[in-house]
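Please look over the sequence and the model first.

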Amino acid sequence: MPQRVIVVGAGAAGLMAAGRAAEQGAATLLVEATQQLGTKLSLAGGGRGNVAADLDVEACLAHYSPAGLFLRNSLSRWGVPQLRQFLARIGVPTKVDGQQRVYPVSERALDLVEALVAYAKSQGVELLTGWRCSQVLVERERVRGVRAADGRALEGDAVILATGGVTYPQTGSRGDGLHMAQLMGHTVSEPRPGLVSLEVSDARVAGLAGVSLPWVILRATRRDGSVAETSGPLLFTHRGVSGPAALDLSVRIARDLGEGEIVAEMDIRPSLATDVETHVAEQRGRQGARSVRNVIGGLMPRRLAMALLEGCDVDPNTQVAQLGTPELDALVRRLRAWPLCITGTGPLRSAMVTVGGVSTSEVNPRTMASRRSEGLYLCGELLDVAGGTGGFNLLMAFSTGWVAGESAARAVGRR
C-alpha cells in the first residue's frame, strides 16, 4: 500500500495537520471518533470564532503556561500573520477587534470548520468518522498504524495524535490521545481544568454575586515562588470569581490548586475612574460631612464599597472629614491588594481548556515529533501547554498542527 500519514482527531489541530500533510504530497487519512468534524472549533469565541490575538510571537508566548517557550519555533514559522493569510486563502477573511482579537469577518466559527474541512478534502484527505482509536501500533520500534477500540486496524507510516484534552467531552475529547501517548512511553501530567471560574472561600465574595469590574489585576504566588499575574474584566459569582482575569489565572495556577488553596491578591484600582486617595482628599475639603459610604460608593458598585469598608474595619457612616489617615491608608491597601483565598476551580466539564498533557520535553518543538517513538507526532491541546483567553489555544492548535502535518509528510516522503 502507498505510504501514508494517519491523523487521529478532527479538531482544529487535526484538520490543519491532515490538510498540510496532504498538501505536501502525503497520502493522508483523518480519523474521528464522533460523526462530526470540528465540533469544539464550532464553539470557539462563543460561536464567533476567535482564532488568535493580533500580537507578535514574543507577546503571544507570554500568554501560555506552563511551557510556553516550547511554542517559539512553531509560532515563529507559522504564527498569526501566516494563520490569517491561510484563512483568507481558504475563504475565511479575518478582522481584528478593539481588544486585538482575530475573528472571521463573518463572526461565525462554523465558517472556520466548513472551510478547513473543504481545504482538507481539496488536498485529497480521506475522512473516516465514527472510528475511535485506542492504540498506536508499533513494529520494530517504529509506528505502523492505529487500532480501533473494536479491534479494527489501519496501516500507516506516520501517526499524528491530535485528539485534544478532556474538556467538553460531548465534543469527543475523552482523553484517548493521552492514554495512547502513555502507552507509547510518554509522560502525561494529570489533566486539570483551565479557563474556568475560581472558587473563593470569603463569604463576602458570595454577597457580591453579579457585580462586575471592567478591569482588575490578579496576582498569585505559585508554590515555586514565582508570581502569576493576569488582568482584565472580572465578575463576582456565588462561588467566587469569573471573567477573563479569573479565567486566565486559572490556567496559571491549576497545578498549584491541586495541592491546596492559594491566596491571591486583587488590585481593583485599575477599574476606578478616579484615584481614591485624591478623591477622598478632595471630598474632605469640599464635602466633609458626606459619609464614607457615599464617597466610596460613588467610585464603585455600592456592594463592593461596603465589602471593602468591612474588611478595613471602617464605619461606613463615618463622615469623610473624620476619616483618619490610618483608615484611609488601610482602605487604599485593600483596593490595591484585596486577598482572595482560592480553594479550587469549576469542574473539568465546564472548563474551556485542559491544563496538563504530554510533556513538551518529550516532543521536538521543530517538528512535533515524539522523542519516544519514531513516526509519532503530537499536536494541539494534547500537549502540556495551555493559553489564556483571546484565541491563544486555537492559535497553538493551528500552529502545531501545521508543523506536525508538514513534518510527518516530509518524513514519510523520505522513506
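## A charge over a ring

The charged end of Arg48 sits over the ring of Tyr103, 4.1 Å from the ring centre. A charge sits over a ring if NZ of Lys or CZ of Arg is within 6 Å of the ring centre and within 35 degrees of the ring normal.

This is a predicted model: local features need pLDDT of at least 70, side-chain atom pairs count only at pLDDT 80 or more, and totals for chains, interfaces and linings use all residues. Residues are numbered from 1 along each chain as its sequence is written, and side-chain values use heavy atoms, with hydrogens and water left out.

## The chain as a whole

The chain has 13 helices and 21 strands. Helices (H or I, at least four residues) and strands (E, at least two) are DSSP runs, numbered from the N terminus. The C-alpha trace spans about 90 × 40 × 35 Å along its principal axes.

Of the 415 residues in the chain, 57% are buried. Buried means under 20% relative accessible area, exposed over 50%, and partly exposed in between (1.4 Å probe, protein chains only). Take the contacts in the chain with a separation of 6 or more: residues 24 or more positions apart account for 71% of them. Contact means heavy atoms within 4.5 Å.

## Aromatic pairs

The structure holds five aromatic pairs. The rings of Trp78 and Phe86 have centres 5.8 Å apart and planes at 65°, so this pair is edge-to-face. Rings of Phe, Tyr and Trp (its six-membered ring) pair if their centres lie within 6.5 Å; planes under 30 degrees apart count as stacked, over 60 as edge-to-face and the rest as tilted. Trp78 is buried, at 5% relative accessible area. Phe86 is buried too, at 6%.

Trp78 also pairs with Trp402: the ring centres are 5.8 Å apart and the planes at 20°, so the pair is stacked. Trp78 lies in the loop between helix H3 (72-77) and helix H4 (80-89), and Trp402 in helix H13 (residues 392-414), so the pair ties together parts that are 324 residues apart in sequence. Trp402 is buried, with a relative accessible area of 12%. Trp78, Phe86, Tyr119 and Trp402 form one aromatic cluster.

## Helix H6

Helix H6 covers residues 176-183, and Asp176, Gly177, Leu178, Met180 and Ala181 are buried in it. The buried residues of H6 pack against several strands, including E1 (4-8), E8 (133-139) and E12 (188-194). Gly185 follows H6, and its phi is positive, near 95°.

Asp176 belongs to H6. Its relative accessibility is 18%, so Asp176 counts as buried. Leaving out residues up to four places away in sequence, Asp176 touches Arg132, Cys133 and Thr163.

## The second largest pocket

The second largest pocket has a volume of about 430 Å³. On a 1 Å grid over the protein atoms alone, a pocket is an open set of points where a 1.4 Å probe fits, with protein on both sides within 12 Å along at least five of seven lines; lining residues have an atom within 4 Å of a point. The volume is the space filled by probe spheres set on the points, which are joined across faces, edges and corners.

Which residues lie nearest the centre of this pocket? They are His63, Arg101, Ser231, Asp248 and Thr389, from a lining of 20 residues. Strand E15 (227-236) and helix H8 (244-257) each supply at least two lining residues. E15 gives the largest share, five residues. The lining divides into seven nonpolar, nine polar and four charged residues. Here Ala, Val, Leu, Ile, Met, Phe, Trp, Tyr, Cys and Pro count as nonpolar, Asp, Glu, Lys and Arg as charged, and the others, Gly among them, as polar.
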